[in-house]
Every structure is written in C-alpha cells, then in structure tokens.
Amino acid sequence: FEYTNVQVSTTKLQYKAVGQDRPNLKDEDKKLSVTVNVKNTGSLAGSETVLFFTFDESRHVTPEHKRLRYFDKIYLEPGEVQTVTATISADDANFQSIGPHDDSHPVLQNGMTFRVGVGANVDCRTNGNSKNLCSEPITIDTGDDYIAACDWACKLWTKESKCGAQFFNNSPQKCWNMCTTSSGIGDESKGWGWNYVNC
C-alpha cells in the first residue's frame, strides 16, 4: 500500500475555553480535517488500517512523542485508490491531556504547534522517510486571555461535575471571569492555579 498527498484543511486550529469570550469563533474553526490517498500497489485485493498520529513540536509539557488520533480500515482492489479523512478537534479532552495517566491537567497552550502524520511507521520528528507523510506545522490559537487551569476548573465546576454549580449558578462565563481576574497563587501569574482543579 502506498500513501500520498497528505493534506490539512488549515494550519491554525482555534480553541475556546468554557466561559471564554470569543464571539467571532466558528465551529468549523475548531476542527482540522486531514486527508491522505491510499493506493493498493499489489496484485491482490486487501485491507489496510490507516493510522493518523500527532507529533508535538512545541508545548510546555510534552506527552508521548507519537499519539494515535484516528484510524480507519479500508479494503482496496489492486490499483484502487481511496481517500481517507480524519477530523481532529482541539475540544477533544484526549488532545489536551498530558497522557494516559493524567487527564486532570490539560496542557493546551496558545501557540503550541504539532504535525499530523499518516501510517504505522511515520515519524514527523525527523526529516527521514516520513517527510511526505507529515503535514505542515499546525498552530493552536487559544486567544491571548487563555489560562489552562481556569479552563479545566470551570469545566469541572460548572457543566461536567457540578462541583461548584451552586456557587457559579451553572454559569461557565461567571466561573471564567472570576478565575481569570484573580491574582495568581504561588508561582502562577494568573488564575486560581492547578490546586483548584480538583473538587
């Protein structure tokens, strides 16, 4: 099987935190489509599992170097070509977490960059054989006022767990405003800090 023509719909992926005011942000700005053409170059029909991975280029805390984001199994006749598409969203909690052992501290940050690679043996950290199977760098735009600890605390305290539902009147906006306007705790410059994420 041969993979060619890896394409991405955008090189800037937008994100909006719970309660954050980003009125011009559209839903389609928060998703990234990645496509690849797969050709059966053999003489027999067969199945192929097409794997899409992300590779972080810059992030304050780096999770695994290679993270599976999507897969699809396809069946191709000899010489047949099929286009496979994956959709990646910055809203996906698995996209934001440090790793499989710690999903309580998202590491999404403004300006972080990553690449999407296709295929089981792809490695977008090098310029070796994987070069044609990797996307251009994609940048996350969270907005200048984004504070990860506030985003995660407001998710937990309003909609998801109802920990602070009575205090915030189920208002993500109220939670966000209170957190982002508070002075930092310890070495945090803004927001409540990570101690407030657990309720």
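# Reading a predicted model: disulfides, core and ring pairs

The structure, a predicted model, holds two disulfides.

Q: What is a disulfide, and which cysteines form the one with sulfur atoms 2.1 Å apart?

A: A disulfide is a covalent bond between the sulfur atoms of two cysteines. Here Cys124 and Cys134 form one, with 2.1 Å between their sulfur atoms. The pair links distant parts of the chain, ten residues apart, and both Cys124 and Cys134 sit in the loop between strand S9 (113–118) and strand S10 (138–141).

Q: Why is the disulfide of Cys124 and Cys134 called left-handed?

A: The handedness is read from the torsion about the S-S bond. For Cys124 and Cys134 this torsion is about -100 degrees, so the disulfide is left-handed.

Q: Is Cys124 buried or exposed, and is Cys134 buried or exposed?

A: The cut-off needed here is that buried means under 20% relative accessible area. Cys124 has 8% relative accessibility and therefore counts as buried. Cys134 is buried as well, because its relative accessible area is 13%.

Q: Where does the disulfide of Cys150 and Cys179 lie?

A: The bond joins Cys150 to Cys179 with an S to S distance of 1.9 Å. Cys150 belongs to helix H2 (residues 148–160) and Cys179 to helix H4 (residues 172–181), so the pair ties together parts that are 29 residues apart in sequence. The torsion about the S-S bond of Cys150 and Cys179 is about -75 degrees, so this disulfide is left-handed. Cys150 and Cys179 are both buried.

Q: How many helices and strands does the protein have, and what pattern do they follow along the sequence?

A: The secondary structure comes to four helices and ten strands. Along the sequence the pattern reads β-β-β-β-β-β-α-β-β-β-β-α-α-α. Of the 199 residues, 44% count as buried. Taking contacts between residues at least 6 apart in sequence, 69% join residues at least 24 apart.

Q: Which residues touch the most other members of the largest nonpolar core?

A: In soluble globular proteins, nonpolar side chains tend to be buried together. The largest nonpolar core has 37 residues, and Leu32, Val36, Val38, Val50, Phe52 and Val116 touch the most other members. Strand S4 (residues 46–58) contributes the most to this core, with five residues.

Q: What is Val38 in contact with, leaving aside neighbours within four places in sequence?

A: The contacts of Val38 include Val50, Ile74, Leu76, Val81 and Val84. Phe1, Glu2, Tyr3, Glu80 and Gln82 are also in contact with Val38.

Q: Where is Phe1 found, and what does Phe1 touch?

A: Phe1 is in the segment before strand S1 (2–8). Not counting residues up to four places away in sequence, Phe1 touches Val38, Lys39, Asn40, Thr41, Gly46, Ser47, Glu48 and Leu76. At 37% relative accessibility, Phe1 counts as partly exposed. The C-alpha atoms of Phe1 and Gly79 are separated by 9.5 Å, while the two residues are 78 residues apart along the chain.

Q: How many aromatic pairs are there, and what are the centre distance and plane angle for Tyr15 and Tyr146?

A: A pair of aromatic rings is described by the distance of the centres and the angle of the planes. The count here comes to three aromatic pairs. The ring centres of Tyr15 and Tyr146 are 5.7 Å apart and the planes stand at 85 degrees, so the pair is edge-to-face. Tyr15 lies in the loop between S2 and strand S3 (31–39), and Tyr146 in the loop between S10 and H2, so the pair ties together parts that are 131 residues apart in sequence. Tyr15 is buried, with a relative accessible area of 1%, and Tyr146 counts as buried at 11% relative accessibility. Ring pairs link Tyr15, Tyr146 and Trp176 into a cluster.

Q: Which residue lies over the face of Phe53?

A: Lys66 lies over the face of the Phe53 ring, at 4.4 Å from the ring centre.

Q: Which side chain does a polar contact of 3.4 Å join to that of Gln14?

A: The partner is Asp141, joined to Gln14 side chain to side chain. Gln14 lies in strand S2 (residues 12–14) and is buried, with a relative accessible area of 13%. Not counting residues up to four places away in sequence, Gln14 touches Arg22, Leu25, Asp29, Lys30, Ala90 and Asp141.

Definitions and conventions:
Residues are numbered from 1 along each chain as its sequence is written. This is a predicted model: local features need pLDDT of at least 70, side-chain atom pairs count only at pLDDT 80 or more; totals for chains, interfaces and linings use all residues. Side-chain values use heavy atoms; hydrogens and water are left out. A disulfide is a pair of cysteine sulfur atoms within 2.5 Å. Helices (H or I, at least four residues) and strands (E, at least two) are DSSP runs, numbered from the N terminus. Buried means under 20% relative accessible area, exposed over 50%, partly exposed in between (1.4 Å probe, protein chains only). A polar contact is a pair of N or O atoms within 3.5 Å; within protein, one must be able to donate a hydrogen and the other to accept it, and residues adjacent in sequence count only if both atoms are side-chain atoms. Contact means heavy atoms within 4.5 Å. A nonpolar core is a set of buried Ala, Val, Leu, Ile, Met, Phe, Trp, Tyr and Cys residues joined through side-chain atoms within 4.5 Å. Rings of Phe, Tyr and Trp (its six-membered ring) pair if their centres lie within 6.5 Å; planes under 30 degrees apart count as stacked, over 60 as edge-to-face and the rest as tilted. A charge sits over a ring if NZ of Lys or CZ of Arg is within 6 Å of the ring centre and within 35 degrees of the ring normal.
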